[in-house]
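Hi there,

Here is the structure I promised to pass on.

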Amino acid sequence: MSARAPSRDQTGAAPVGLPRLLAPSPRDLDEHLARYGPVPLVRSRSERAALIEAVERSTLRGRGGAGFPTGRKLRAVAERGRHAMVVANGAEGEPASHKDAVLLTRAPHLVIDGAVIAARAVRADEVFVIVDRENRAAHDAVTTALAQRVTSSIDDLSIRVVGVPSRYVAGEESALVNFLNGGPAKPLAIPPRPFERGVRGRPTLVQNVETLAQIALIARYGVDWFQSIGPLDESGSMLVTVSGAVRQPGVYEFALGTSVIDVLTTAGADRATVVALLAGGYFGSWLPARAVPGLTLTRQSFADVGGALGCGMLSVFPDGVCGVVESARVARYLAEETAGQCGPCVHGLTAIADAVHAIADRRALPGALHDVRRWLGDVAQRGACHLPDAAVTFLTSALTVFADEFELHERHRKCAHPRVAPVLPLPDPSTRDWSWR
Amino acid sequence: MSQQLTVDFIKCDGHGICAELFPERIRLDDWGYPIVQSGAIPSEMLAHARRAVVACPALALALTKFEGR
């Protein structure tokens with residue numbers, strides 16, 4: 001990496017403050033390169049080592065939800081030897097998260113830069129950019145960007161865009177490997193993990209598209225610049241999708257460490273009407289309103305209150321809506337999204353969804369809540385992927401945050417907020433993609 | 001080297017033989033799929049564990065190196 005001295009009036013100067021990722025969409029590759037500067041070369045052994053070390057020092061973690069340290073993942077693939085593969089993961093199966101789609105649409109070149117730099121660092125010569133195949137805008141933006149790069153011949157490796165089925169677990173690492181190898185977009189048994197044996201049997205680096213865009217910036221401007229915003233142990237900016245009871249729902253970029261109240265207020269939340277916050281998508285958990293004032297946008301802060309920031313999805317749950325009914329809708333969705341491979345998931349999630357629906361509809365037999373709790377304990381950690389664990393985390397937190405409402409439904413067959421239109425976003429069942437191929 | 005039991009749930013069809021052969025560490029859920037108690041298998045139980053692994057018709061049960069503590 002060259003030691004570029006950032007200066008504000010120079011082409012390709014490091015951005016000061018925000019935005020870093022969500023700048024106005026560049027017209028084309030030339031405008032992108034004029035704004036961010038040329039793609040840094042990572043060719044020699046020392047340049048590869050320097051890039052991986054920089055990413056390690058930056059504290060960057062995967063932005064797809066699991067939060068694995070990015071530098072460590074790069075190193076693991078690099079150490080497997082030559083001929084690795086890189087998968088830029090923009091599948092974004094989480095129905096209430098849109099940040100990957102927005103990033104791919106607004107800044108496709110930044111994502112591709114990051115994928116190319118990561119490929120150089122791990123000595124890969126093929127890159128796959130994964131998009132949700134239902135998302136036309138993201139697909140077109142990447143396709144157009146790739147065409148411009150071919151015309152300018154700035155990349156000397158193969159980059160392809162691949163649309164994957166719009167299923168909840170299709171973006172899971174091993175499911176992507178399965179799909180790219182010609183199979184269904186269903187998770188595989190691990191080990192081997194993709195970094196050991198992935199696409200065409202090669203060591204495969206799967207990174208979320210936002211993570212790659214951040215790598216593109218670290219490679220250009222350095223670790224000190226990256227860490228100039230956010231806490232030192234969780235530095236930089238992150239994309240957040242805010243939805244629910246807010247006046248301006250959408251995707252925002254914030255410095256890590258920003259107060260969650262500030263995030264929600266920016267999106268137009270009215271503090272008085274916040275009943276609960278869903279964080280991390282349907283893989284995440286409910287947090288009670290009283291937990292929100294102390295929260296900051298860091299993994300640690302969410303972990304401290306028993307939650308997870310995950311993919312950065314935040315949904316403000318409004319007053320006057322039934323938490324049991326909404327939880328039942330999500331429980332059904334997760335059960336329907338099983339890949340149908342693992343018994344505890346196929347049978348367990350269906351039984352759990354049926355029981356939660358019976359409770360929500362105020363027709364549950366006594367003991368239904370007890371059964372739900374027991375089954376949640378039983379299905380945890382018992383699948384090839386973590387879909388059962390998503391249901392466990394989501395519903396266990398719902399049973400705590402909406403404890404009174406669940407009891408009112410089960411024991412007294414009453415609902416405090418009947419007949420309210422659904423609020424949590426879920427795919428429309430009539431137009432939904434049910435295919436795995 | 002201590003060992004643990006792991007289930008490949010993609011392969012497992014819920015035959016339930018493992019729970020019959022090794023009830024000390026394996027029980028079945030409401031749908032007949034094994035719930036394996038986590039942790040290293042004590043050496044005096046290893047013979048039972050091996051018998052359960054060998055008897056699995058789906059080849060879904062395996063003894064692997066125990067990684068935890």
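In this predicted model, Glu56(A) and Arg75(A) form a salt bridge, with 2.7 Å between the closest N and O atoms. The pair links distant parts of the chain: Glu56(A) sits in helix H2 (residues 45–58) and Arg75(A) in helix H3 (residues 70–78), 19 residues apart. Glu56(A) counts as partly exposed because its relative accessibility is 35%, and Arg75(A) is also partly exposed, at 31%.

Next comes Arg120(A), which forms a salt bridge with Asp156(A); here the closest N and O atoms are 2.1 Å apart. Arg120(A) belongs to helix H5 (residues 108–121), while Asp156(A) lies in the loop between helix H6 (136–152) and strand S3 (158–164), so this pair ties together parts that are 36 residues apart in sequence. Arg120(A) is buried, with 18% relative accessibility, whereas Asp156(A) is exposed, with a relative accessible area of 52%.

Helix H6 of chain A also holds a pair of its own: Asp140(A) and Arg136(A) are four residues apart there, about one turn of the helix. The closest N and O atoms of this salt bridge are 3.4 Å apart. Asp140(A) is partly exposed at 35% relative accessibility, and Arg136(A) is exposed, its relative accessible area being 52%.

There is a network as well: salt bridges link Arg63(A), Lys99(A), Asp100(A) and Glu210(A). Over all chains, the count comes to 27 salt bridges.

Notes. Residues numbered from 1 in each chain as written. Chains lettered and ligands numbered in written order. Predicted model: local features only at pLDDT ≥ 70, side-chain atom pairs only at ≥ 80, totals over all residues. Heavy atoms only, no water. Salt bridge = Lys/Arg side-chain N within 4 Å of Asp/Glu carboxyl O. Helix = DSSP H or I, 4+ residues; strand = E, 2+ residues; numbered from the N terminus. Buried < 20%, exposed > 50% of the residue type's maximum accessible area, 1.4 Å probe, protein only.
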